[in-house]
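Subject: Structure handover

Hello,

Here is the structure you are taking over. My notes follow below it.

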Amino acid sequence: MTNEETIKAMPKAELHRHIEGCVRVGTVIDLARRHGLKLPTFDPAGLEKAYKLRAPGASLDEVLGMFGLAQASFASYEAVERITYEALEDAYLKENIRLLELRYSPDFMLGARKLDWRQTQSIIYATLDKFERAHPVVCGVIVIASRSYGLESALKTMDFAVQNKRTVIGFDLADSEAAYPSSLYKEAVRKLHDAGLPLTVHSGEEGHFSQILETINALAPRRIGHGVKAAEDASGGTMELIRKVGITVETNPWSNYLTRAVSSIEAHPLKKFIGAGLRCTIGADDPEILDTQLNKEYGLAVEKMGLSFDDIRYTLRCAVEGSFLPADKRQQAAKWLLD
Ligand SMILES: [Zn+2]
């Protein structure tokens, strides 16, 4: 078998995937027609140019435009259900993902139409639950506070996650780490810890590695999203702290390349992290907008980033062990992924 065939056939795990980044182009068009939304074009090939980030160097406006198209698609509860279902279907059928954690930011995703958060959460949970019963997949949903929406939004989102903890597996802080440093949330995350809701934080995706130290010290997360800047600490201290505390790093190599968090895909530090004993997973972040899949991420890891298939299997073990899903679901995933 070629590497490509081996990778495609492997059962996989994904811990870092935004629902807002999973809207198919065809669905953007279909929902725009149905809800009377404006699009730059209704031609699928034409829309892909405005919707998919295919090379580094796009301006912030272009990237915001892409996420704006995705955001507008969440125009009704039916749309939420359809997009969630399609995200699950794509992950299972195209990528053979068996353990999937999806995440969304209520303030961002539901902002366009002011959909009710609780009703949306019920729909997402019910869609996941139904899919899980019908397929050999375990899945759960993480709620995100988008830091750029301000502290009040983050506090509201944390309260929402705690109130809905029966159907939420964890919490995430995303975007704008430099403007909203982790120490701002030090008091607020206590309520998450008290409620037993595990935390992951987008940290060290850009900026300085000291932000990762701040995140670990202020917030005590179980996982970190991206974390690539840890490799830039010449003393090795940041990587050593991540290792010592047992944090799982959710890497997203292609995403890091497209946003220029790394200078080239070959320069991505995943292999270095694994070599230093860090717990690491591989994710696709926003598969539709970033034009990627786990099949592609694993292919890049093996062919460009120096990982062996043993390294890939190690990332799967880290995903099963670092997942926020309950123990029975993780045990089921271990049978599919690690036997
Ligand atoms: Zn992300």
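Predicted model: local features only at pLDDT ≥ 70, side-chain atom pairs only at ≥ 80, totals over all residues.

Residues are numbered from 1 along each chain, as its sequence is written. Helices (H or I, at least four residues) and strands (E, at least two) are DSSP runs, numbered from the N terminus.

Helix α2 itself covers residues 25-35, and V28, I29 and L31 in that helix are buried. Buried means that 20 or more other C-beta atoms lie within 10 Å of the residue's own; exposed means 12 or fewer, partly exposed is in between, and C-beta atoms are placed from the backbone. The buried residues of α2 pack against α3 (44-51), α4 (60-73) and α5. Contact means that the C-beta atoms of two residues, placed from the backbone, lie within 7 Å.

Now the sheet. Eight strands form an open sheet with parallel pairing, in the order β1-β2-β3-β4-β5-β6-β7-β8. Two strands pair if DSSP finds at least two bridges between them. At the edges are β1 (12-18) and β8 (279-282), each pairing on one side only. Neighbouring strands are turned by 25 degrees against each other on average, direction ignored. Axes are lines fitted to C-alpha atoms, for helices over the stretch in contact; angles run from 0 to 180 degrees between N-to-C directions.

Helix α5 (residues 77-95) packs on this sheet. It touches β1, β2 (97-104) and β3, and its direction makes about 150 degrees with that of β2. Helix α16 (residues 327-338) also lies across β1, β2 and β3, at about 135 degrees to β2. Strands β3 (residues 138-146) and β4 (residues 170-174) pair in the parallel sense over five bridges. I144 has D172 in β4 as its bridge partner.

Next, the core. The largest nonpolar core has 93 residues, and A13, I83, L99 and F171 touch the most other members. Such a core is a set of buried Ala, Val, Leu, Ile, Met, Phe, Trp, Tyr and Cys residues joined through C-beta atoms within 7 Å. Strand β3 gives the largest share, seven residues. Leaving out residues up to four places away in sequence, A13 touches several residues, among them I97, L99, T281 and L337.

Last, N295. This residue sits in helix α14 (residues 294-303). N295 counts as partly exposed because it has 19 C-beta neighbours inside 10 Å. Beyond its neighbours within four places in sequence, N295 contacts I7, K8 and E95.

Best wishes
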